[in-house]
Amino acid sequence: MIQGVSIYEILTVTTLLFFIGIYGFITRKNLISILLSVELILNSVAINFVVINKYLYPDMLQGVYFSVFIIAVAAAETALAISIIINLYRLVTSVEVKATETMKF
Amino acid sequence: MDFSSLLLMRHEFILTALLLLMIVAEIVVSEQNKKNLVNFGVLLFAIHTAIGLLPLADGVLFGGMFKTTVLTHFFKSVLNIGVLILLLQSADWLRDKVVSQQKATEFFMLIFSSLLGLYFMISAGDFLMFYIGLELSTLPVAALAAYESLKQKSSESGIKLILSAALASGTSLFGITMMYATSGSLFFDMMTITASNLTILGFLMFFAGLAFKISLAPFHFWTADVYEGAPISVASYLSVISKGAAAFVLMILLFTLFRPLESIWVNLMYGVALLTMFIGNLFAIRQQNLKRFLAFSSIAQAGFILLGLLSVDQLGATTVIYFIMIYVFSNLGAFGVVQAISNQTGKENIDDYDGLYRTNPKLSLVMLLALFSLAGIPPVAGFFGKIFLFTAAASQGYYLLVFIGVVNVTIALYYYLLVVRAMFLRKSENAIPYFKSKWMMKLGLTITVLGILIIGMYSPLYEYIFEISNLIFKS
Amino acid sequence: MDILSLFVTVPVLTILFLAFTKNLQQVRIVSLTGMLVQLGMAINLLFAYFRERAVNTDIMVFTKDYVWFESLNIHYAIGVDGISVALILLTSIVVLAGVFISWKVADLSKEFFISLIVLATGVFGFFISLDLFTMFVFYEIAVIPMYLLIGIWGSGPKEYSAMKLTLMLMGASALLLVGILGIYFNSNADGGALTFNILEIAQVNIPFEAQRLFFPLTFLGFAVLGALFPFHTWSPDGHASAPTAVSMLHAGVLMKLGGYGIFRVAMYLLPLGAIDWSTFFIVLSSFGVIYGALAALRQNDLKYINAYSSVSHLGMVLVALLMMNKTAWNGAILQSLSHGFMTALFFALIGMIYERTHTRDIQKLGGLLKVLPFISATYVIAGLANLGLPGFSGFVAEMNIFVGAFENADLFRRVATVVVVSAIVVTAVYILRVVGIMLMGPVKNEEFNNLPASTWFERYGVYLLLIPIAGMGIAPLWLSDMILESLTPFIARF
Amino acid sequence: MDFTYTILIPLIPLAVFLILGIGSLKIKENVAGIVGVAGLLTSTILSYYTAFQYFFNVGKVNGIYQTFVEQTRWMNFTDTLHIDMGVLIDPISVMMLVVVSTISLMVHLYSRGYMHGDQGFTRFFAYLSLFSFSMYGLVLATNLFQIYIFWELVGVSSFLLIGYYYTKPSAVAASKKAFIVTRFADFGFLMGILMIGYYTGTFDFMTLNNPTALQDLTSPIMQNAGITFMGFSVITTALVLIFAGGAGKSAMFPLHIWLPDAMEGPTPVSALIHAATMVVAGVYLVARLFPMFYFVEGGIALEVVAYVGGFSSLIAALIALTQHDIKRVLAFSTMSQIGYMMMALGISGYGDVDGLGFTASMFHLFTHAMFKALLFLGAGSVIHAVHSNVLQDMGGLRKYMPITNITFLIAALAIAGVPPFAGFFSKDEILAAAYESNQLLFWVEWVVAGLTAFYMFRLYFGIFWGKDTIYKHTPHESPLSMTLPLMFLAVVSAIAGFVPFSQFISPDLVGYTTHIHMNIAAMSVGVGVLGIAIAWIMYKKETNIADKISSAFGFLYQWTFRKFYIDELYLFITREIIFKRIAQPFAWFDKKVVDGTMNLIGNSTVDASKKIKGLQSGKVQDYAFAFISGVVIIVMVFIYFMN
């Protein structure tokens, strides 16, 4: 628990972080930056878990553990995404989102 | 601690063992025998499926994180059979196209891990286990979607899936944090859900993540693109196994954990069901590519499943499970035929099927049965699945929704008949020539056909599900 | 195996045998045998029914009940009364005639006969069912083979017609399903268990509100199949494109499911709803009677004429059903039977004419009586039967309808009755128009002078249909009394 | 006395019909002729035997003719309403049996010669048998529904026989017209039957024709008579409607238009059906229900009958003046004479001498059947010889066809009402009855009598005298098979008038005696002779008086020649109004609006599918946006709107 900082303030920050991530996801043109935005989202969630655990239910560590798993899974996810992006780059020499619009309607 | 209690995780352990065995085999088996690895994998999974059918005690593990009941056991077996059929249908493709790229074993490993993830998701007793299961089931499929690394579409499909999935799971997790904040626990049994705004917000965001996996509108957009780009087996897996499991989990959660929010989510299901049916059907009407076509069709099917959820009782639960089971067989039948033909000729468009019946009558008949089952035409199973879902919805007085549902069945029948039209009504100069499928494909299709023909009319099965779905409401 | 289940079993066995046939000859023999057995059983059932009826006063006889889906209380419950026996007889005759008429189908013949018999199975099952669920299953089974039958073996814009027909009928079944589920979930109104069983539901007092809501749904669901105006448009296109035997079966038998369903389900189970809604539906259906007749007046395609004629005749069935008395109902059932035979005969003859002349446009035909005496003479007979000439079945049916309809003394029903009766004039006009243009007059086309005469199988098919038409027309008493007697439980509900 | 055997009278022709009909392509002409004639001969003998037994042996008990009914249940409608099939033996049905048998037998015999060598000979005889069967059934009917059934059957036999030469478009059109017009009339008939059935609770003639019950408004059959429809009792309305049916079949104005065209059929058919038997079915129907017509509401319905009959006879006689086709002249003459009969029924009273109109009508029906059949058969003989039926092609035939000439003359004298031929007696009774009850109608009929004599002799002189036409093939007398019936009928026409009809037939079934009404007889014979005389002047030798007169009355002549344009009116109504203005729009409406709506539903679904395809843009970010929007929307909805 941080002195002088209430849970509301932290949650506001994480929520902002979450929506910044989403904004980034929707607007970035580069696949890598989209991936970064995803990380933002996941991080906001991870912080949420820790904060809620710490501020509200400090006697059990459920939230903290959860955040650890989120980080781990996020890593795997990123690795996989990057590998696919690399493969895509090999095929079309681009990491722009535009390169992934061949299938539609 | 008594390690024998770990036997409750029999499904999971065996599957993990298979995974490892495949790795070992990949290392041990020589280059020229690699083709047999495919047979080996299928055989192993068949054994696993057979063992899975043995009875299993109910129980709880890891302090409530992992639960197994007759119901989950039963459903895992349904998934097993589905995957087995899928593997049988994919065997030819693996042997002919994939082994040469040294990637056959990976296919098995990825599918197995994804299935493992689904097991965990189904048996989850808390949100952590649930999350792990969810991610474990999604990530390998993303890899599989991008499996054909030489095709741009495949990579595109993979990237679309993984990005959308990440967003969905992020949203879902955010929702979970909200619920964690209000209820004080992540264990399902210890959470006390009350209809406060924050809980509802959490629930809705969580639901979005799960709806993504079931491809309910408006969270479904990834579906068609991913199915089209991914190898057929993967599309098939996504549309049948992964979707079925997710729908099952959604039902369990709604009926138990989120029961206090019933007044909220019933309306939600109503609206989403409507939207999903219409969106799925309207998009399906104008598809040419069969994979895309089946993608939208499976979206519409998901909409129907929600009808069963409206009846929060044994009837609703039974009809949903029953429908999912039937859907597994029907959709696998359709994908199997697409797979068989695509392997042989590379053709995946509806027009390519013109005159198919005159050259390949048996395949056409399988397709016909599968499509009729999807459309809900008696006496094949799909009819019973659908009509029972409608019955469930009607039991709560949602007659208007049932009516709209059946109207959607009619729209759906239209596009299913377009395929039938191509196969049966049309004549074509360059119809797909006659070919003989290999025995595994034949076996796979035969099982689906038997399933389609028998399950619907075989009432003891329904009654069995009815009995075990009672468990959901026990606690 | 009980006497009724055989009616479903035999066609299924026939289908199984057909699946293993090797050549055209075998296909023909197997289907013919199967359907002959079916007809034999139907005749046997008729006599068995009379014997049983003498000692058994239950509403339904030969009842059997097997539990199917226990938790939903779905049963495979079967049983017959005079009405269903008569319709079963109709079906078996028309199907057999259809097999005869389709003797020459060579393209995918095995599939053709299989689809045809699947359709028949559905119809038979529908008529013996006492359980709404089972009934619905059979209903759908009967409808769907139409798509393939029209689509594959049809002519003209067959894909369009087949699709239209299938979709409209399936759309109708949407209404029907809602109606049936509505009945089901109201079947515990008196405190019992939910049930699909017709006889059990008939004991229950379903609340008026529910009846008023579900009657129109159930009625419309069936009435689309019964070609109720304005939901009849699938029928002209569908019939025009369908191959001969399919038109026969469809108009002759399948459309009867509509009237039968309305009677057995909508009206029997929801009598209050029926009374409440009767005005509206009488308006629609009596308008349909005259509308169909007038529309038939301007058609040049034989099948269209016949299709509109069916709209008109089946409109009479619906009107009669809504007139709420035994005489009219008797007429409705008789009309169903009579129309079944007549229209099947018509379509059979049209098929023969088309096969020989390759046109169905009456303006291009002429003087056929001279070149195709057998077919033409039969056509004249069918036409006369159709316009309600005494001595043929149509007269018996129509008179029952008229007398029954006239039993209602209020002005509205009087007007409806007059409108319906006036159709006999228009019917005469359009029938004679065809006879005059197509059969009489000079031979218009030189090539017609050497058309092949009718073959033995065609003749058998025709005789098979002619005999009941005349039989019903000459000696209607046994049949009409058999039906009349079965109507008692129905009238008790009103 | 058991009259059950009379059931054989209709059944024998039915059997013959079935035999000849089924084997129509295989049975040879000779066999068909013999079978047909033999069958009908049997029926005829039975009919005569019945007549003899009935009138002279067993019919009369205590001075009243009994009614014998043998019937069996044919179909049940309700508890009270049902159709029976059976035979009803009473004076008029027995009289009709005799008429039908006689004429039909003669026509059968005649046809063996007339139709000799025709391709459809067997078919023709089959149709004749069918007709005989139906007509017998009609005559013997015990109830309204039975009569309706056979009514329709005679209609269809008439249709088949008119259209016998089916390759001839005019014959086809005529047969259609006949059937449709009578069908239209039957619509009224049927409505009438339905009303009678509903309001009286029975179709049975015996119950309906009970004078006591009819006069008692509380009796079961009259209890609903108080219900009114447009100011009249429902029963009256029903009777008028039934009469409409009769008017259709009997070619009363305005439903007569089919009769002249029906002459397209072979001439023996015209003689049998369209002169002697079927067309008088309407008269028979009214006679059958006479007590009802008379007693219900003071006979309003009967007045309708009288005026329609009178008007029709006048119209028809006027038209007959100007026609050239000899069969059409005869057809209009038939119409005119049936008008007489109708009128007579219409003005008749009930009981003893008051029933003279009824008796006269039946009497005239009887005599008219004989001489009109004779006229037609004679005309047939002429046509057979000349191969034309237009008056202009004929003339001077008396030299070639002596027997035909004499017999035709006898028939013409009979119809003109010259004593002592049959027509004189029956016409005299009719006029006498009319004189008693309705002066207007009497004078109308008196004029018609004159017109009849004129046009018949115009015909006679035109055919057998007049100009000496040069024929391509010299006409010669018809064979014996044709002349024999002519001679037989001529004898009957000559002597039938002396039958004391009123002894046998009266509305109340009690016989009475009549005598010649000298003053009326003198008037009618006078006007008849006047007509003959004018015809003599105009047509005995070839003169141009006729042309002069016709051009002098140009406008009126044209009107009558075109049959008062009634055909054109009908054509206008059917073609222009019903076909073009009603049926055509219905067909259009069905195709465009009803069907269009269904197609629109389908197409708009497909269109909707096209319109929304942009949603699936292929851009993963759009999908994400949709995903998030979805979340936001459901959150908004469920947290802010539904909570």
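## A loop residue to start with

With 19 C-beta neighbours inside 10 Å, Asn73(C) counts as partly exposed. Here a residue is buried if 20 or more other C-beta atoms lie within 10 Å of its own, exposed if 12 or fewer, and partly exposed in between, with C-beta atoms placed from the backbone. You can find Asn73(C) in the loop between strand S1 (61-69) and strand S2 (74-80) of chain C. Helices (H or I, at least four residues) and strands (E, at least two) are DSSP runs, numbered from the N terminus. The phi of Asn73(C) is near 60°, a positive value in a residue other than glycine.

Before we go on, please note that this is a predicted model: local features need pLDDT of at least 70, and side-chain atom pairs count only at pLDDT 80 or more, while totals for chains, interfaces and linings use all residues. Residues are numbered from 1 along each chain as its sequence is written, and chains are lettered from A and ligands numbered from 1 in the order in which they are written.

## More backbone angles

Most residues other than glycine have a negative phi, and most peptide bonds are trans. Phe62(B) is another residue other than glycine with a positive phi, near 55°. The loop that holds Phe62(B) runs between strand S1 (59-61) and strand S2 (66-68) of chain B. Is Phe62(B) buried or exposed? Phe62(B) counts as exposed, because it has 12 C-beta neighbours inside 10 Å.

Now for two cis peptide bonds. One goes from Pro378(B) to Pro379(B), with omega near 5°; Pro379(B) sits in the loop between helix H14 (361-375) and helix H15 (381-395) of chain B. The other joins Phe253(D) and Pro254(D), where omega is about 0°. Look for Pro254(D) in the loop between helix H9 (234-249) and helix H10 (258-261) of chain D.

## Chain A on its own

Along its principal axes, the C-alpha trace of chain A spans about 50 × 25 × 25 Å. Of the 105 residues in chain A, 34% count as buried. Two residues are in contact if their C-beta atoms, placed from the backbone, lie within 7 Å. Among the contacts in chain A with a separation of 6 or more, 48% come from residues 24 or more positions apart.

## A hairpin in chain D

In chain D, strand S3 (residues 68-76) and S4(D) run antiparallel and are joined by eight bridges. Two strands pair if DSSP finds at least two bridges between them. S3(D) and S4(D) form a hairpin, with five residues between them, and Gln71(D) stands opposite Gly86(D) in S4(D). Strand S4 (residues 82-89) of chain D is largely enclosed by the rest of the structure, because six of its eight residues are buried.

## The first helix of chain C

How many residues does helix H1 of chain C have? Helix H1 (residues 6-19) of chain C has 14 residues and reaches 19 Å from its first C-alpha to its last, close to the 20 Å expected at 1.5 Å a residue. That expected span is 1.5 Å times one less than the number of residues in the helix.

The buried residues of H1(C) include Phe7(C), Val10(C), Ile15(C) and Leu18(C). The buried residues of H1(C) pack against helix H2 (24-55), helix H3 (82-101) and helix H4 (109-128) of chain C.

## Where chains meet

Which chains have the most contacts among the five pairs of chains that touch? They are chains C and D. In this pair, 42 residues of chain C are in contact with 39 residues of chain D. H18(C) gives the most to the side of chain C that touches chain D, with nine residues. The residues of this side divide into 28 nonpolar, 10 polar and four charged. Ala, Val, Leu, Ile, Met, Phe, Trp, Tyr, Cys and Pro count as nonpolar, Asp, Glu, Lys and Arg as charged, and the others, Gly among them, as polar.

Chains A and B also meet, with 32 residues from chain B and 33 residues from chain A taking part. On the chain B side, H6(B) gives the most, with 17 residues. By contrast, chain A and chain C do not touch, and their nearest C-alpha atoms are 25 Å apart.
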